[in-house]
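Here are a few exercises to work through with the model open. Try each one yourself before reading the solution.

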Amino acid sequence: MCKSNLLMPESATIQEVVQETANIKTFRITLDDEQKMKDFSFMPGQVGQLTAFGTGESTFVINSSPTRMDYLQFSVMQVGEVTQRLHQLRPGDTVGVRAPLGNSFDVESMKGKDIVFIGGGIGMAPLRTLLVYMLDNREEYGDITLLYGARSPADLSYKTDLDEWKQRDDINIHLTVDVETPDWDGTVGLIPNVLKDINPASKNGVAVTCGPPIMIKFTLMALQELGFEDDQIVTTLEKRMKCGVGLCGRCNIGSKYVCIDGPVFTYAQLKELPAEL
Amino acid sequence: MGRKYIAENDVIAWLDTLADDNLVIAPVAETGTVIYRPYLPGTEVELTNRPVSSPKEAVFPQTELLFSYKQDKDPEHPDRTKVDMKEATPDRSTVFFGPRPCGTRGISMFDKVYNCGKMQDAYYVTRRENTAFVTIACSRPDATCFCHSVGSGPADTEGSDVLLTPVNGGFVAEAVTDKGKDLLASPLFADAGKLEQEANAVVEKAREMLGDPHDFSEAESSLYNLFDDMDFWEEQAAKCINCGACTYLCPTCHCFNITDQNVGLSGRRIRTWDNCMSFEFTLEGSGHNPRPTKAHRLKNRLGHKFAYYPENNEGLVACCGCGRCIERCPSGVDIRAIVLAAKERSNVQK
């Protein structure tokens with residue numbers, strides 16, 4: 001056999017489960033092989049395949065940061081069979097992990113730039129890893145702005161993180177919801193509109209965005225209005241995947257595979273590909 | 001090494017000796033079709049008619065075990081489960097006998113995906129190393145054949161370890177690789193001598209029977225040009241019923257699914273051939289589907305073979321021209337006609 005079998009998961013144990021929203025749970029896991037956990041390295045934006053044994057495998061971004069390697073963190077929204085089974089698992093249970101897969105955010109070229117994060121719903125997960133990475137290397141980056149939106153306040157994930165980030169004076173946080181509740185102190189409004197109100201400077205800026213397709217569509221338009229060029233806009237894509245290593249033929253956009261050539265693309269790169277999102 | 005000769009009557013004796021130390025797979029006429037079966041002494045091998053299925057099953061089985069697992073309840077914490085995994089190792093030495101060159105050429109296209117610098121699939125690489133392909137040169141192409149339009153031909157040795165060319169009363173044998181040389185070491189083979197010329201003539205005649213090749217040049221740019229022309233794709237896909245027969249028979253189609261089969265606390269993860277013509281293939285958890293209609297899916301299948309794969313592999317078209325998809329399509333979809341129509345449409349638009 002080859003030295004490494006790309007389709008063979010590593011055994012891992014769930015250390016902690018955080019109920020983020022009604023249908024999103026965050027899993028903190030460690031590889032059972034201590035040496036492999038110690039040697040594990042990845043960069044923000046890379047993904048992994050999680051196995052719920054007996055049900056199957058699905059792809060999720062590693063949303064912890066490589067600067068904090070106590071555990072690997074994945075957030076899972078319950079939408080199908082595998083995610084439903086994962087949601088039933090508890091601390092101490094075994095899952096399978098194949099990671100890291102795919103490319104990552106270009107943290108080098110973003111150095112010295114003002115970064116605007118724009119996340120919608122579960123799309124916040126891939127932004128979290130990069131945001132934490134940048135906060136842990138704070139002096140390397142310029143202004144950091146986060147615009148994070150969800151349907152309602154109860155649909156916002158990472159509330160502990162948000163509370164912690166709000167205490168810091170080196171990150172601007174804007175939270176927005178479609179429908180407010182009486183105790184809501186953030187903005188009410190759609191992400192692209194709120195983005196235009198915030199009016200981040202495009203000069204020396206990079207916008208990193210992830211969310212549902214309709215949000216991305218209008219966010220791209222808003223960013224262009226604000227003067228962001230195509231190569232200043234970075235997004236990370238999601239496709240149905242099985243293998244995660246460029247073989248099974250599902251996630252291609254033309255000749256590129258989201259699993260190995262992505263999931264991170266600049267808008268300039270996406271424009272080069274056939275329009276099949 | 002010069003070419004050798006084996007009498008048709010001795011082929012079975014040769015397979016018998018090969019079957020002592022190897023798993024031998026050979027074509028067998030069964031229920032009105034020709035398919036590959038494990039060879040045991042006494043098996044009647046079909047030497048004349050081309051197998052309907054492609055030889056990809058040798059290195060990419062229709063269903064393949066990846067690993068088995070067993071879940072154990074922790075006696076201290078009965079609500080917790082631990083999992084033991086056991087990796088499958090496909091280590092059986094195999095001689096795959098009887099494909100035509102078009103089929104075996106497909107293996108070389110798998111190599112560029114499953115065993116390239118970028119990616120190595122452990123199961124594939126192991127099977128590939130353990131398998132020798134003994135290919136029979138084509139002496140009578142069908143009306144659906146177009147290997148000569150995609151850079152191949154009746155005696156293409158791409159992917160093969162041995163090439164047998166049928167001559168009167170037997171086969172002229174050529175070792176393509178070292179693995180092939182070992183297979184021809186049997187005393188059942190004699191020097192081909194003048195029969196080489198007869199073999200060359202057989203191949204030449206097959207080439208003539210194929211007629212003029214189609215001009216598929218510029219297929220890549222044409223398909224890219226037409227990517228957003230959904231009227232064209234809807235017209236081309238109108239007949240298609242999304243059955244996927246083309247994908248299962250195709251020697252180069254390499255898409256797969258991975259699923260778990262669970263019985264109680266034990267189970268196995270398997271890889272199975274999948275079909276890009278089905279709606280579910282790209283259906284996402286959210287309900288979104290990037291290829292929602294059969295026109296999108298046919299476009300992707302054509303695009304993969306004649307544009308995307310070539311773009312990633314120095315222009316090599318991922319179609320070997322075997323014509324299985326044309327011959328067996330229940331609704332008469334013809335991949336040749338679609339590529340040619342795409343070229344024409346693209347030229348008109350320019």
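**Exercise 1.** In which loop of chain A is A:Asn204 found? Work out its backbone and its surroundings too.

*Solution.* Some ground rules come before the steps. This is a predicted model, where local features need pLDDT of at least 70, side-chain atom pairs count only at pLDDT 80 or more, and totals for chains, interfaces and linings use all residues. Residues are numbered from 1 along each chain as its sequence is written, while chains are lettered from A and ligands numbered from 1 in the order in which they are written.

- Step 1: A:Asn204 sits in the loop between α5 (191–198) and β11 (205–210) of chain A. Helices (H or I, at least four residues) and strands (E, at least two) are DSSP runs, numbered from the N terminus.
- Step 2: Check phi. A:Asn204 isn't a glycine, yet its phi is positive, at about 65°.
- Step 3: Count neighbours. A:Asn204 counts as exposed because it has 11 C-beta neighbours inside 10 Å. The cut-offs: buried means 20 or more other C-beta atoms within 10 Å of a residue's own, exposed means 12 or fewer, and partly exposed is in between, with C-beta atoms placed from the backbone.

**Exercise 2.** Now do B:Thr31: is it buried or exposed?

*Solution.* 

- Step 1: Find B:Thr31 in the loop between β2 (23–30) and β3 (33–38) of chain B.
- Step 2: B:Thr31 has a positive phi of about 40°, and it's not a glycine either.
- Step 3: B:Thr31 has 5 C-beta neighbours inside 10 Å, so it counts as exposed.

**Exercise 3.** How many residues of chain B are in contact with chain A?

*Solution.* 

- Step 1: Count both sides: 45 residues of chain B are in contact with 37 residues of chain A. Contact means that the C-beta atoms of two residues, placed from the backbone, lie within 7 Å.
- Step 2: Look for the top contributor on the chain B side: β11(B) gives the most, with six residues.
- Step 3: Sort the chain B side by class: 19 nonpolar, 16 polar and ten charged residues. Here Ala, Val, Leu, Ile, Met, Phe, Trp, Tyr, Cys and Pro count as nonpolar, Asp, Glu, Lys and Arg as charged, and the others, Gly among them, as polar.
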